[in-house]
2 protein chains.
Amino acid sequence: MKFAKIPMATITRLCVYVRNLEELLTDSVDVISSEDLARQCDVNAAQIRKDLAYFGEFGVRGVGYHVKDLLSEIKDILGLNKIWNVAIAGIGNLGVALLNHANFIKHGYIFMAAVDKDNKKIGQKLKNGLTVESIEKLPNIVKEKNIEIGIIATPANTAQGVANQFVLSGVKGILNFAPSRIQIPESCAIQNVDFTMKMDTLAYFISSS
Amino acid sequence: MKFAKIPMATITRLCVYVRNLEELLTDSVDVISSEDLARQCDVNAAQIRKDLAYFGEFGVRGVGYHVKDLLSEIKDILGLNKIWNVAIAGIGNLGVALLNHANFIKHGYIFMAAVDKDNKKIGQKLKNGLTVESIEKLPNIVKEKNIEIGIIATPANTAQGVANQFVLSGVKGILNFAPSRIQIPESCAIQNVDFTMKMDTLAYFISSS
């Protein structure tokens, strides 16, 4: 599906709506007003309507949104109604923690390969059944296992090199957990995960209370 | 500092502005127009002006923002111009990865204590000099080390119990990495870290390209 010029902030909020709609579904909520959904998502109702308007018409006037339908429609927009094959590079503490984190598989991200450059780690059998492979094999692995997303869980100083290898291997997107800025060509998408951004939000709430 | 009714989304964006201003400072940029800052932060310039307007007047008309000054002022707003003492519960792969992650100390979050309930872990010496302590000691630890923020890096099924212990011990905010919903009293702030939200953004970019 292709939509023109959707603001990044809208996409980020759609991801928040997905998580909240999933929670509502878990709680067996069938229908929710745009005001209640807005409250739960920490935005205002006009924002939700505006974000969704990029993609069509959603919800029923005077009724609200059907949780299951809206969830499925937003997941369609975001490309989440499919399984994504993922490779992770850097099998240290963070890499292992991510490999075992329940949320990836829950949201359709399947670890198909784990690579490292450390000979002591290569060949190790992981809890999820994968064996750590040499990062040199990335081009073959990406092709054979149809991997679209690469996760970088290496130290900061090796992250750029790993990103280059992912790009050359043909992955379409990179999730970077290393605390360093990475340059990649525009043909590949990148998102950086910074744990401490949420700490800053906490700091604000504590300071201002 | 206390400001009335600032939308959560504004606070989240302020944290994004901080990170981008820090990068500009690293790159020795002295002054930036609101348009350029907006582009870098993936928002529009009007949004930045609106967000900052909650807190006063910033920037110089026709010139833009002085990077260093604006950074310092936003950090003041967010409560980031101080050191925050942090305790972390759950010293598995994720806990160890967080303890060693450079971004926390870089942004003023200092790990003052590491606790676990596993007797095999208690007493272990960590790389950063801390010794893993029993989670039962949290009330004393929080008091003695003046800890304001607790990080939960435990499995999902023990996260609520750990959150309760943090709250009873008197922490003011909790950063939760466990993939489970946690209920705490309103007197304590909470933020949940969900790695996979950024994956969803990536999925969108790949699907729509």
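How many salt bridges are there over all chains? The count comes to 22, where a salt bridge is a side-chain nitrogen of Lys or Arg within 4 Å of a carboxyl oxygen of Asp or Glu.

## Basis of the model

This is a predicted model, in which local features need pLDDT of at least 70, side-chain atom pairs count only at pLDDT 80 or more, and totals for chains, interfaces and linings use all residues. Residues are numbered from 1 along each chain as its sequence is written, chains are lettered from A and ligands numbered from 1 in the order in which they are written, and side-chain values use heavy atoms, with hydrogens and water left out.

## How the two chains are related

## The contact between the chains

Chain B gives 61 residues to the contact and chain A gives 61 residues, with contact meaning heavy atoms within 4.5 Å. About 5800 Å² is buried between the chains, and carbon and sulfur atoms give 68% of that area (buried area is the accessible area, with a 1.4 Å probe, that two parts lose on being put together, summed over both). On the side of chain B, the residues that lose the most area to chain A are B:Phe195, B:Met199 and B:Tyr204, together 13% of what that side buries.

## Salt bridges

Side chains of opposite charge can pair when their charged atoms come close. Between chain B and chain A the count is 8 salt bridges. B:Arg19 pairs with A:Asp200 in a salt bridge, and their closest N and O atoms are 2.9 Å apart.

Within chain A, the side chains of A:Arg19 and A:Glu22 form a salt bridge of 3.8 Å, N to O. Both residues lie in helix α1 (residues 8–26) of chain A, 3 residues apart, which is about one turn of the helix. Helices here are DSSP runs (H or I, at least four residues), numbered from the N terminus.

How values were computed. Helices (H or I, at least four residues) and strands (E, at least two) are DSSP runs, numbered from the N terminus.
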